[in-house]
Every structure is written in C-alpha cells, then in structure tokens.
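Here are a few friendly notes to read beside the model. Please keep the viewer open as you go through the points.

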Amino acid sequence: MSTYGSAIWSGGIKDGKGAISTKSGALKDYPYGFASRFEGKQGSNPEELIGAAHAACFTMALSLILGEAKLTAEKMETKADVTLEKQADGYAITAVHLTLRAKIPGADNKTFQDCAAKAKAGCPVSKLLKTNITLDAKLDG
C-alpha cells in the first residue's frame, strides 16, 4: 500500500505561500505558510497534519486491538498535541501528547489501558516519529 501528500511553495520563508494536497482530495491546494505555522494565522502547517495523522492512526490501531480483546468502541476521540521547538540546529518536533476519551461497553480500565498502550507503541505513525510520545487515556462510563 502506498499513498501520498504533496506541497507547492513559492517565495521566501516569511513572504512565501504554499499549498498542501492529498491523494484522496481531502486537502486540495490548502494554504500553509510561515504565518500559519508560527504566528497562528489562517491555514495549516505540517505539525497540525502530523497530529491529525497520528490521532487517526492511533485510534484505528486501538480499534483493531480492542477487537482482538472482543471489545468494540461506541466512540473514541483522540487529540494529538504536537510540540515544535527551536533548537540550536533549527526546529524539531520534540513531543506528541495523545489525549483519548473513549466509551467502550464491557471494558474494564486495566484492559482499556493495556490496549491503549499497545496501540500507542504499535501504530505506524508512532513508530515513524522519533520523539517522546505520551498518552492520557480515560474510559468514560
């Protein structure tokens, strides 16, 4: 299986503008640039996209692992906070914090925590990221 995302860029780092697209068309020439990455302006940025990808991958992996435990989620919501920090040699993604809230009928907290930890360690995006990944998982009644 192979897929892709693409980006176009024109101009300098601060005055330039870019556009991000995905094979599926979920993003089609969506704007990104210095202002959206570092100044909180309209548009996307790579860290936001990594966060969305990580949240989606982790949650899907957890669904698989829960199924192996004979459990099915009624609802799972995951947020991936991605930290970008300035370092001596430029910038680096230094951490990702996953926050999961889940409603899983029949699940006890120990089984849930074990499954969530396994998903965090095993999802392909977690394996890709060479950074500190933390998890706060809560099972809702």
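1. Two strands pair if DSSP finds at least two bridges between them. Strands (E, at least two residues) and helices (H or I, at least four) are DSSP runs, numbered from the N terminus. Strands β1 (residues 5-10) and β2 (residues 17-22) run antiparallel and are joined by six bridges; S10 has K17 as its bridge partner in β2.

2. This is a predicted model, where local features need pLDDT of at least 70 and side-chain atom pairs count only at pLDDT 80 or more, while totals for chains, interfaces and linings use all residues. Residues are numbered from 1 along each chain as its sequence is written, and side-chain values use heavy atoms, leaving out hydrogens and water.

3. The hairpin of β1 and β2 has six residues between the strands, and G11 takes a positive phi near 105° there. None of the six residues of β1 is buried (buried is under 20% relative accessible area, exposed over 50%, partly exposed in between; 1.4 Å probe, protein chains only).

4. Now for the rings: Phe, Tyr and Trp (its six-membered ring) pair if their centres lie within 6.5 Å, with planes under 30 degrees apart called stacked, over 60 edge-to-face and the rest tilted. The count is three aromatic pairs. W9 and Y32 make a tilted one, 5.3 Å centre to centre with 55° between the planes. This pair links W9 in β1 to Y32 in strand β3 (residues 30-32), 23 residues apart. W9 is partly exposed, at 32% relative accessible area.

5. F38 and Y91 also form a tilted pair, at 5.1 Å and 50°. F38 lies in helix α1 (residues 34-38) and Y91 in strand β5 (residues 90-103).
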